[in-house]
Amino acid sequence: MPYVPEADVSEKREDTQWPGVPVNPFDNALAVDQMEVAYSSLLARTPATLKKDVSAHLGRVTAKDGSIRPKIVTLGGDHTIVLPILRSLHKVYGPISVIHFDAHLDTWPAYPGQTTEQSRVTHGTFFYLAREENLIANNSVHAGIRCKLAGLTDLENDAEVGFQIISTDDIDEFGVPAIIKSIRERIGDSPVYLSLDIDVVDPGLAPATGTPEAGGWTTREVKRILRGLAGLNFVGADIVEVSPAFDHGKLASAIDRNEDIQFFQAEITGIAAADFVHDYLSMFLTNKPPTSTTSLKS
């Protein structure tokens, strides 16, 4: 588990587990159900630390029944996994606020050609469906948006789903501290789920994803924003849309068939994703953002 010098946190957690969820790769409807069942099963567990030290959990968000539930970090894959996760969380906490790091809105009602109920469930529509099911609260926020839009109707629909937009360009206009402040004020004390699509990062720094968009935030900027969110009432988090086959070095390796080249593959997207997860775990263990330890003075 992480050492966080700014918050004076250094803990070994015996309840940290990394179970794999078996899902059917041929039936999307069944796979979504399987993910919901698996997530609900994990949420039903009692954190091992709660058995040892109840005081360590005081002040943390509780379930509707007053119990303390585990905080799960999910590693994806397709962003659609958030829909079954929100269904599971809603049963425990009620409506959930969402902090959504992404280049894209993912609140579209449907894509052309969708003719069945199941065909509406995609990696670009799941938040719209979550709002239809009243799973999410009306104070959610996007961070890092820079996608192409069909028109103003996309933005109007996004607002109706319950999101406020922080665009990629806002970091140039207002800076990291203002973005952190805006997110914290928007979320307040609500139970909040953090979902991070790796394409929020510029593809020059995280190329291994299926829908890259130029002009994204840097890895460092995202990490600074994440750390500034510590102390919010997180109920879970994920990192999704990481596709290792597209990472730097893979193509050269495949062409050359040279084991030495394989050894030196960059895998910069995987490194960034793993480091974001480290920041999640640190956030879950602290009640406030870290303070600077530098000796530099302004």
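A: In this predicted model, helices α8 and α11 cross in a right-handed sense. Helix α8 spans residues 219-227 and helix α11 residues 268-284; their axes lie 10 Å apart and form an angle of about 15 degrees. Because of that angle, α8 runs roughly parallel to α11. On the α8 side the contact is made by Thr-219, Val-222, Lys-223, Leu-226 and Arg-227, and on the α11 side by Ala-272, Asp-275, Phe-276, Asp-279, Tyr-280 and Met-283. Sorted by class, the residues in this contact are six nonpolar, one polar and four charged.

Side chains of opposite charge can pair when their charged atoms come close. Lys-223, Arg-227, Asp-275 and Asp-279 are joined in a network of salt bridges.

The salt-bridge count is nine. Among them is the pair of Lys-148 and Glu-213, with an N to O distance of 2.7 Å. This pair links distant parts of the chain, 65 residues apart: Lys-148 sits in the loop between β5 and α5, and Glu-213 in the loop between β7 and α8. Lys-148 is exposed, at 63% relative accessible area, whereas Glu-213 is buried, at 10%.

Glu-132 pairs with Arg-120, their closest N and O atoms being 3.1 Å apart. Glu-132 belongs to helix α4, and Arg-120 to the loop between β4 and α4, 12 residues apart. Glu-132 is partly exposed, at 44% relative accessibility, and Arg-120 is buried, at 17%.

Glu-185 and Lys-181 also form a salt bridge, at 2.6 Å from N to O. These two residues are separated by about one helical turn, because they stand four residues apart in helix α7.

Terms used
Residues are numbered from 1 along each chain as its sequence is written. This is a predicted model: local features need pLDDT of at least 70, side-chain atom pairs count only at pLDDT 80 or more; totals for chains, interfaces and linings use all residues. Side-chain values use heavy atoms; hydrogens and water are left out. Axes are lines fitted to C-alpha atoms, for helices over the stretch in contact, and angles run from 0 to 180 degrees between N-to-C directions. Angles under 35 degrees count as roughly parallel, over 145 as roughly antiparallel, 65 to 115 as roughly perpendicular and the rest as oblique. A crossing is left-handed if the near helix is turned anticlockwise from the far one by less than a right angle, and right-handed if clockwise. Contact means heavy atoms within 4.5 Å. Ala, Val, Leu, Ile, Met, Phe, Trp, Tyr, Cys and Pro count as nonpolar, Asp, Glu, Lys and Arg as charged, and the others, Gly among them, as polar. A salt bridge is a side-chain nitrogen of Lys or Arg within 4 Å of a carboxyl oxygen of Asp or Glu. Buried means under 20% relative accessible area, exposed over 50%, partly exposed in between (1.4 Å probe, protein chains only).
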